[in-house]
Structures are given as structure tokens and as C-alpha cells.
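Dear colleague,

Please find the structure below, placed here so that you can look at it before reading on. My notes on what was found in it follow.

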Amino acid sequence: MKKNFPFLLLLGFLAACSSSKPSPEVVAVAKAVASQAPSEYTPHIDEVRKQFAPDKRVALFDVKAYSNVLTGETNLPAAKAALLERLRSAGITYQDSIQVLPQAELNGNHYAVVTLSVANLRSEPKHPAELATQATMGTPLRVWKQKSGWYLVQTPDQYLAWVDGSGIKLMDQTAFTAWQKGEKLLYTNPYGFAYATPDTKGATVSDLVYGDVLVLKTQTKGFYEVAFPDGRTGFVSAPEVEKYNKWASTRQPTEQNLVETSKRLLGLPYLWGGTSFKGVDCSGFTKTVYFMNGLVLPRDASQQVHIGELIDTQSGFQNLKPGDLLFFGSPAKDGKPERVVHVGMWIGNNEFIHSAGRVRINSMDPAAPNHDASELKRFLRAKRISPQATLIDLRTASLFQ
């Protein structure tokens, strides 16, 4: 094709300068040149990305065109099919080298379950990378690919991130189904331990946080014997756990319960990417509060802002109810889009609770001693979250079953 001629000429010249197959460096240069050149493929790729994967945090569509070769990967078969159909309809020829995940190298292990009290999920497959989110023990994960002992996984709230393989148990469909069928216990203390024997003074098997899920094996006096996803066993003090089905069925996300739950987290340290009792960021805090009341919110503040009912705050905060989410940031201006960078929860009496340095309560009232002038200045809007607006209602969903 005429548009690809400069690229092909360059590639041919570089190949001719070598007595063998072009080196990786030569190929990289050629790709860089091709990626900078206008492409008739780019508008179609961009349109499909906007349609199927507008938020790369929850959907993967990393596709490019080099000459007439489509390369990259996606976890959305429908997106690839839509792109190829668009190109065919436009009369554009192509060579298809797009990989549809899950990766073949996983050998059918397309599922995983978290085996640590809290697993850290990162933006890249390495420990120094940004902490993107966390997942508590027993959380089921979808596995898409692996790299150097790390796995690209997707959490139940659809968040994509990398986890160290030592923090999960890989499973095929059969093993995952068997795990899901086990009767579950949910840990309900903020923090504690599973023990090697039914004795709280003995050796520990693992630490535990609120939300950890284990399989019930047997019940002894004052303890439950439990199974971990990776096959370990231990004993948990009976008053610290509840049968998951009972816990889920008794969740009542009322105004009072949301406020009471939020205050159980007061003083927790701020942790970028944190969503557990070991530390929370702003959206991890609101997410944890709602989870403890049976509802699963999107991961980030910039995602949470798109759910629920908008509350009128033009003339003040009198229309807010406890449990409403408050969003903060910078409005759209001078051609720049709005940026939502912080979220908190209204608790009444002109006060809201949020994670900023630590989980704390501040007031929107300038006369109050705990007034937060900086947050009031960057307040954007408030949303009321109904169970129907959330991603998952644990009272009806079978997340751990």
C-alpha cells in the first residue's frame, strides 16, 4: 500500500545491511518509525478501543498496526472481532497477529484465589511498581497472562493489575469450581490470626483481616478448623468469624450502618492503593465501608463518581444523607477535562469521613473546629449509592460460592 511504502523501504534497507535476520534493534527501529507514520488502521483501532475498552483499568485492548500487521493483545474477543469486521468493511487488508487472552502458557489455569490476608496488586509485574489495589484472602481472580512469576489478574470489581504468584493459588476450571463449592467463613474482626492448633497462644499460620474468606472444615470447642486456598489448614477463634451465607444475607446498607461501619476504620493509615484494614486510600476507604455492608463499589474515585444518583448541592449540603459519597478535584476548565482525585462519605451534621493521612472526620462548616477548607474549596458533587447502582450486591451474588 502507498501509505506503507516508506516503512517497507526502510525495513528493506535495514535488512539489506545485515547478513542475517534483522536484529531486535533493527526491528525496534522499524516499528518506531511505523508507529509514528499516519496509518489508515489507527482510526478503526481507536474507535474499537473507545467502544469496548474506554477505561484501561478494567478492560485490555492494546492493539497497534505495523505496516499491515495487527499486533498486541486483548482480553475481549468481541473487540478483536469488531476491529477485523471494520477493516474488512472498509476494504483494508491486514495480517492478524492479535493475541486473545488468556495466554496459552497458563495451561488452562485461568483462575486464581488469593492466599494471603491481603495481596498487593501492582501496576506492573515488579515489586517496586505502583500499588494499584489490594485483594483479601479468598477473593476469586480471573487470570489473563503471566510474566516472570507475576500474573495479570482481574478482580471481581473488574480491576486489572499484576500480582506476585506467591500470593495466589492458580486453578483450572475444575479446581476453582471445587473451591467455590466449599462452605465459607468470613473473618469479621479488623485484624487477627489463624493458628496451627486450636490455641491462641500457639504458632500462627497466617494473619487475617476483615473480609478474608476461608473454607470451613470442622468445628471444635471455641474454634473452626479452616482450609486455605493453597491447601494449608489452621484454626480460627469462632467469635471472630461468621458463616459467609449468613453474613451476606444479614447485610443492611442503611444510613446508620454505613456511618457506624465507617467509624470502625477511624485512624487507619492512608495507603495509596490500599483497600483493607492494613491501610486505605480515599476510594479504598469508601469501597471497604460499602463492602462491609454487602455492596461492591468500583475501585477508584474517578470510577465511583459515575454511579449512583446526583444530589443537588448547589445551595448547600442540606439535601445530603449519611452514606452519600462526596467527590473532590478540579472542574473542567480551559479545554482541560474534570479531574476527580478524592472521595469521602457524608455522615451528617455537616461532617464527612475520609482517608487523608489517616481515616478522619472533617466538617464542611467553616465555623467548626474540624473544618477542612481545602476540601470544601475543591468539592465537585455528591452521589447517593443504591444497591442497584453498585457492581455487586453480595446479598444476592454468588461471589464466594
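In which loop is the place of Q158? Before the reply, a word on the source: this is a predicted model, in which local features need pLDDT of at least 70 and side-chain atom pairs count only at pLDDT 80 or more, while totals for chains, interfaces and linings use all residues. Residues are numbered from 1 along each chain as its sequence is written, and side-chain values use heavy atoms, with hydrogens and water left out.

Q158 lies in the loop between β8 (150-154) and β9 (160-164), where helices (H or I, at least four residues) and strands (E, at least two) are DSSP runs numbered from the N terminus. Although Q158 is not a glycine, it has a positive phi of about 75°, and with a relative accessible area of 38% it is partly exposed; here buried means under 20% relative accessible area, exposed over 50%, and partly exposed in between (1.4 Å probe, protein chains only).

The loop between β3 (95-100) and β4 (111-114) holds P102, and the peptide bond that leads from L101 to P102 is cis, with omega near 15°. N107 is placed in the loop between β3 and β4 as well; its phi is near 55°, a positive value in a residue other than glycine, and N107 counts as exposed at 66% relative accessibility.

As for confidence, pLDDT (the predictor's confidence in each residue, from 0 to 100) has a mean of 92 over the protein chain, and 91% of the residues reach 70 or more. Residues 1-22 call for care when you read the model, since there pLDDT stays under 50, and the model has 17 contacts beyond four places in sequence for them, a contact being heavy atoms within 4.5 Å.

In helix α7 (residues 255-263), the buried residues are L258, V259, T261 and S262. Seen down the axis of α7, these buried residues fall within an arc of 165° (taken from the directions from the helix axis to the C-beta atoms), so they line one face of the helix. They pack against α8 (282-291), β23 (339-348) and β24 (351-356).

Grid points are joined across faces, edges and corners, and a volume is the space filled by probe spheres set on the points.

The largest pocket has a volume of about 690 Å³, and of the 28 residues that line it, the closest to its centre are R57, S123, E130, A132 and Y159. The elements that give two or more residues to this lining are β6 (131-136), β9, α8, α9 (301-304) and β23, with the largest share, three residues, coming from β9.

Over the whole structure, one cavity of 30 Å³ or more is found, and about 360 Å³ of space lies in the largest cavity. Of the 21 residues lining the largest cavity, Q134, T136, T139, K287 and F291 are the closest to its centre, and β6 gives the most to this lining, with four residues.

With kind regards

Conventions
On a 1 Å grid over the protein atoms alone, a cavity is a set of points where a 1.4 Å probe fits but cannot get out, and a pocket is an open set with protein on both sides within 12 Å along at least five of seven lines; lining residues have an atom within 4 Å of a point.
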